[in-house]
Every structure is written in structure tokens, then in C-alpha cells.
Amino acid sequence: MRMWGVKKFFIIGVVAQVLFMAMPSTAVAAGSEEIVRVGMFDSIGFSTVDEYGKRTGYGYDYIQEIAYRAGWKLEYVDGGFGNLMNKLESGEIDIMMNVSKTPERQEKFLFSDQPQGEEVYYIYVNSYDSTINADDISSLNGATIGCDAGSYTQECVINWAADNGIELNYKEYTDKKDWDDLTEGRIQGMAATDMSLLRQAIPAFKVGASDFYFAVNKDRPDLMEDLNAAHEALLRQRPGYNGDLKYNYYREKDESARLTSEEMAWIEENPNVRIGFLNHYMPYCGLEDGKVIGILATIIEEVEEKTGLSCQLIPYDSIEDMTTALENKEVAAIYPWIMDYSYSESKNYSQSFEIFSVPELVVYKGDYKQDKFSKLAVLKNYASPERIQIEYPDAEIIEYDTIDACLKAVDTGKVDALFSNSYRLNAISSNLSNYPGQTVVLTGKSHRVGFAFDRSQTQILSAFNSVILSLNLQDINNFLVMDSQDQDAYRLGDFMRDYGWLIVSFIGLCAIVAVVLTYRKLVKESEDKEALAIANKKLQATKMELSEALSSSEKANQSKVDFISRISHDIRTPLSAVWSMAEFAFDDINEPEKLQKDLKQIQSSSAFLTSILNDILDVSKIDSGRITLNPEPYNYGKYIEDFEGLVRAAATEKKVELDIVNVGEDLTVLIDPVRYRQITLNVVMNAISYTPAGGKVTIKTGVTAAGNNGHCKLVVEDTGIGMSQEYMSHLFEPFRQDDVNPERRKLAGGTGLGLYIVKRLVGMMNGHIEIESQMGKGTTVSILITAPLCKDDNAKEGFVAQIRREFNLSGQILLAEDNEINAEITARLVESLGCTVDHVWNGNDAVEKFKNAKEGYYKAILMDIQMPLMNGYDASLAIRAMDREDAKHIPIIAMTADAFDSAKAKAKECGMDVYVTKPLNIEKVKSILSELIINSGI
């Protein structure tokens, strides 16, 4: 029993050490922020402030992203566009957004290198004003148009009117535009951009278009330099950011439907239209006591009000009956229609604009087959089986009457999975407890919902599309969520069973509702109607915030589940190997050859586990924008020499023939050597790993001059197992692996992150990557990265490298490390190089130890970052501040598992010379110590 206790302690220690050395610690570098004054003009969708002081909008989000990257603290100055431009010129504010670039303004202001967006200028008119006809420019003659004084929009209107022979009057606004002037008839038009969200107003006449920019006060070129750098970094990371923002804030315009004069004339003659719908398909549509309910009722009400059409709604029991009616021209349109242009064309239907989209999900048992299903269950009348067949062409679609029947079919193996949409999630979840082992997963796809029309009904289609564009999509989505929850409501027991983590939120919501109800009672008793209105408004805001918080929490929870399910298997495999081989090591303690084999397997599995965690860390840094490149002169000849030494041993061990061909010149380029080696090693080691013994890997690499730049080329060809065509279409997606290829698991494991990281790094280094592969015949990877050429420093590097190789380490090393296992490993590693180690447990003891030693006694200091009493940062600062000569020059090497750039920068600020991450590599430590000691002269 005692021996087993020792064994357990040893095994737990080994596992804990592997995990501890690979996991990152936290370290945040503090920094000062510059105060920057930003002009903010009120424009719905671009920049608004609500009654609670919360800012939102395209412009607000944009300046926040710039401020994060530039290190600014923003101060907001609100006002009208014209007044703010005057303040920008006088220096009362520093930056303005949404400024069109004109020659006159370029003399007054500095403009960003890249545009903040693109906008179109319109004259908006009241949608209920029949005197202004968008088809007749002359109907605008003599009208009064509201404009921002001195704006580019006003200039466009004036020029447009002159070009078209239209006489206009102008009402200029120096402060906020009063849109009530338009809706109440005091003016006939308002000049504004397409980035305007307006009630009762529509864009009738296009008068111009242009890009818009950030504008900076002429005397602040320093701000413009920071802004351009931050802007470039943002757009490099998210090239489509401008379009994404515009879609987010201006997709749901609250406009009234506007029909052409021809369409209105046609509707007057043909006002009656028959629409077919499913009578039992909530929340989309249904019948209750003979009355149409669901989102269809809302849409039809809008159609009738805004177009003058009179809609007769015809209920049907099934999709087949409904589509037959459309084909027989018994109805002009049907709803709901799961939209797919190809499928609609095959049926000879036309389809409306999308009203909303619904995420799709599958429920499966056992291993997820990544959409390779042979049989799929669907709820009857969920959607046409023919339509689903488009997404799953190889699957047999089987309809069932209830969700429970679908889940039972999955459980018994009659089908591979249930295919449904997210609005059925509550109904599915409430039944899952009866079928343990089944899992729900979002497919990453969505189906779009709209109307299908007989192709001859072009006028009606146009009328419906006009209304769909004017719908408030937020209201529609809220309605759908609420209605689907009503249809598939949880019992309290179901809720507590499946979502126990939400109990606290539920209690909090009840408390809020109780407080609000009490407040409303007091308001009612005091008969204060104004206070009641405010209370209602706050209640709605609170409910909306709680709904959004709940939605965000559920999405975050699903993301965590997806991540854990993808990565847990790959972490568990090497971890299990470490555990098992440690057990075997005890059994083989008296057999040196077996024991050595066991330890090598532990070492190999530990290295693999570390590489997995490093990949996860790299992905986190890349996706959050925290990874930076550190270019330095890098001689390509030396790179090939070092590179060959690294990969040749792996190929020899795998019994794979390796041929390396230099196809370039001996040049030096300015590039990040660490990240470049990471790219090339990842690609080459992949080729070696996935090439069976007896195969061949050919590497063609080199740099060629192209003007002031060098083209760094790498072509890796192998005769390995290749990749399936299914995997090739998902090649650079994170966590993707070629499960179709039966040979992959036999040769190597992995996280599916390597090529994703390579692709992102190559993109950051202004390069591109191409991959050609065929399963069973091998793979070719081609990478080309362009980097500036620089003066060849190869001779100096070779001299330093030679000294480093010949230098024999000796002398006293001070080690500060609070973890006992880490301290023992580091001490043994350093002592194996010929040095003697003095170990202390915290930064405070390290300072005292160095302070009391004779000058020159210690050759170097190995300093952990996270320690009690005093951390490594503060200890390094204290040592550097000592009034003794060796304190200024002694090498201090930071040791930590935190691989983030912010921690490295912090270490440099605190006087540390080099930053190394755990687990330590003996050759790397020897190289670093040798060079630092040589250069320090101690």
C-alpha cells in the first residue's frame, strides 16, 4: 500500500508538471492612455446617445476599435455636424468621423489614409406625401430641402439640382436636423445619406456618393499617424469591417414601402390576392379559433396597410397540398417557404426577399459524422423533403409526426440524426431526457424564410418585397423567439433539470419584476401617468437587456461545449500515455532498457501535449489580435542550415527519405525568424508525419531578389497519404481533421489547428499559401512570402555562433523559482551544463541574495515571473536599481508559461534580457546563457 501511495504521488507529480509547464500565467502590462477629443453628431444608426447615456452606432463602434489599438482615452463632444467641424478647425476637438474628403477640406484638415466607409446621398421625402413622385424629378421643383449647413451632402444636392434644371429652396441646420420638419410638412425633402434610419421617410432621389474618412485637426499629425496605424491594423485583421458595421446598423431600416406608379396602378386594378399557408406551423403561421396567427399575421397586416392589396389567406394541412395549389394557380403565393434559388427554379417558382433566417441543428447519438448521414429524420411538414435533399444529397429523408418519434428513431438507429431548426430547440430539449446519449449540435448553416410566388405574379412579388424591406427585423425576431417559447414551454421541473445554472438569473429576474410591479402600484396610486410611462419604458429596457444577456450566455455556453468536445480527445490521448507509461516505469525500474523506453514515451507524449496547448494559445492570440511580428535580419543560408538539422532527424527516425534543395541565393531578409520557422516546420513536419516509412519528402526552398525585396519560397512535396477532397474544402478551418482518410489516425494525431495557424501567419507576413493533394498520392504545399532585403550580417552571426559553440559554461547561477518541481528540473538542467545553482523561493530572497553576494559572483539570474512576496518583474527592477556595476549588466532571464506578447514586453520594461517559456529546452537555455554571459563581460 505504501508503494502504491508513492507511485500515485509520482504519477500525479508528472501529470501536474506537464500541465503546469504548458499552461499560461497571467500578466498585464500597465500603460498610460492619451486623452483624445472626438466630435459626435447625432445620427440614428451612426452615433446616438439614449436617455441613460449609452452610446451606440456605426461611428461609435468604429472609434472604439481605433482607440483600443492606439491607446487612447476618448472624450466626447456632442453637437451638430457644422458646429463640430468648426471646432475641429479651431482645435477644440481632435477628431471627427464621417467626413467627406474635398479639396477645400484637405487644406483645413488631415484625412485618414483609408476610408471609414462609403455612403450614398439622397433627398428623402415623406412617404405619405403624394405630391412628390420619385419617378418624376420635376415634382420636386420649388420644394424646400433641409440640409446640414456646409456639408458635402448639401453641396451634392445643389450640384444635382443645377444639373437637372430643378429650382430648390434650402433650410440649413447648424445643429441637429429636425426630422419633424419633414414628417409634419414644413419642408418637402431632407438631404441625408443612405446611413440614415428614418421613420415615415424614404430615399426618393439619389444626388451623389462618396467615401467618408476620419478627419483630424491640422496641428495633430501625431494623432493621424497613430490613427492610420490603428486603422490599418483593424482592416488587416478584419478586411470587411466597414461592410459588417453597415450591415449591422443599417440592415433594418424603418422605411415605409414605396411602390412605383406603375405598380400602384396595377394594384388598384387587381387588389385581391390569395396566399396559401400552413395552418399548424408556429411560430411562422397557424390558425386559432379561425383566426390567422404567427408572424404571417403581422406581415400581411403590413402588406395590406402599405400597398393597398387585400389578401385572402388560404390554410393547408401539408406542404404538398400548399405547393400543389400554387402550381395549379389556386393561390398567387405560399408561406412559409424555405428559400433556395436552385430549388425554387426547379419548381418554376420565384421567391421573395428573405424575411428572417433560422439556424439549423441536428440531434445524433454516438460519434458526429460531420454531415455524412445516410438517413435523416425530420418533423412532418417541417420543410419539403426535396428541399432538405439539396443539403444532404446522399441521405434518405424520413418524416415523423412528432419530435418524440424523431428522437426515438435516432435512439433505435433507424436514422442517423434528427434534422431541425433552432426554434424547435425547447421541444427537443424537453424530450431528450428520455433518450440519454443523444447530443444537439448546430450545423453552422441556416435556412432563410420567405414567400414563394407563381412566376407570373411579378407585380405582387415586387409589392411584397417592398414591404419586407420596410419590416423591423428586431420586432420579428423577438416575436419568433417569444412565440416559439410559448409553443414549447418548459415546465419548472424541466427548467431546473436542464438549466440549473440559470436558476440564479431566474430569481434575479423575479426580483426585478417584483420591484417594478411594486413601483407601478405606487405610481398608479399617485395617478402620476408620466412616471408610469417612464417605469414602463425602463421595464422594457430591463427585459430587453435580460433577454440579450441570456442569449449571449447561451451562445457562450454552446461555444465552450463545442470547444471542449473538439479538444478533449486530443489532450486526453497524450495525458493518458504519460499516466500509463509512468505506471510501466515503476514496473520496469530494474530493467534499464525498458525504463529508458518508458521515459522516452513520457517525454514524447509530454512534448505532444505541450504542442497542443501551444497551438490553442497561438489561435487565441491570433483571433484576439494579440499576436505581433518582430522582424529582424535573418540570413537564409543560416536558416536552411538550422532548418535541415531540425527536420533531418525526424525524417531519419520515421525512415522517410528527405531531399532538401536550395533554389535561391545566400541573402538576408528582414523577417520574424520565430514565426517563419514555425510556418516552415509545421508544413515540413506534417509532410514527414503523414508519409509512411519508405516514402519521400522533397523540400525546395530559397530566397530570390526582386528589387528591394526578397521572395522567400518554400515548396514541400511528399509521397504520403494525401487528403480527401471533402477535407480540402475545409483545409484552413480550425479544429478540422481529415476523418475521411482512414490512414490519418494510423500515422499521426493533432488538433486540426496547424494549417489554420500557418494560413493566418502567412497572411500576416504578406504571403500566400497553396496546397494541392490527392488521397493516396501525396501532397504539395507552396508558400511565398515577400520580405525586405537587408545588409548581409551573416559573417557576424557565424562568428557569434562559433563563440557560443566553443564557450564552456561555468560559475554560479542564481535561480528564483517558487514551484518545487520546476526548481528541481531547472537546477538539474543548468547543472548539466557545468554551472552551480543557488536556489531561492521568491523575488524578495533573490534581491537579498544578489545584494549580499560579491560583485561578479553570479554569472546570470534565472527569474520566475509569478512568485509570492515579490514577483519576478519587481525583483528585476530592484536588482537593476542597485548601485553596483554587475547589477547593470548581469543577464536576467525571465521564465514563465505565459507566452503572450504583453508579458514579454513587460519583462523587457523591467530590465530582463531574455524571455523564455516553459517547459525549458536545454539547448536553447545553453545558447541563451552563453551569449548573454559573453556579452555581459561578467
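Predicted model: local features only at pLDDT ≥ 70, side-chain atom pairs only at ≥ 80, totals over all residues.
Now, the strands under discussion. They belong to an open sheet of five, and the order is β25-β27-β28-β30-β29, with mixed pairing. The edges are β25, at 657–662, and β29, at 767–774, and each of those pairs on one side only. On average, neighbouring strands here are turned by 10° against each other, if you ignore direction.

Let me zoom in on one pair. β27 covers residues 696–706 and β28 covers 709–718, and the two run antiparallel, paired over ten bridges. What is the bridge partner of A705 in β28? That's G710.

There's another helix to look at on this sheet. α26, residues 754–764, lies across β29 and β30, and its angle to β29 is about 145°.

Okay, on to the cores. The largest nonpolar core has 76 residues, and the ones touching the most other members are Y284, Y335, F451 and F464. Apart from that one, there's another core of 42 residues, and A687, I688, M723 and Y727 are among them.

Last, the whole chain. We have 938 residues, and 46% of them count as buried. The chain contains 33 helices and 35 strands. How much of the contact set with a separation of 6 or more comes from residues 24 or more positions apart? That share is 74%.

Conventions: Residues numbered from 1 in each chain as written. Heavy atoms only, no water. Core = buried A, V, L, I, M, F, W, Y, C linked by side-chain atoms within 4.5 Å. Buried < 20%, exposed > 50% of the residue type's maximum accessible area, 1.4 Å probe, protein only. Pairing = 2+ DSSP bridges. Helix = DSSP H or I, 4+ residues; strand = E, 2+ residues; numbered from the N terminus. Axes fitted to C-alpha atoms, helices over the stretch in contact; angles between N-to-C directions. Contact = heavy atoms within 4.5 Å.
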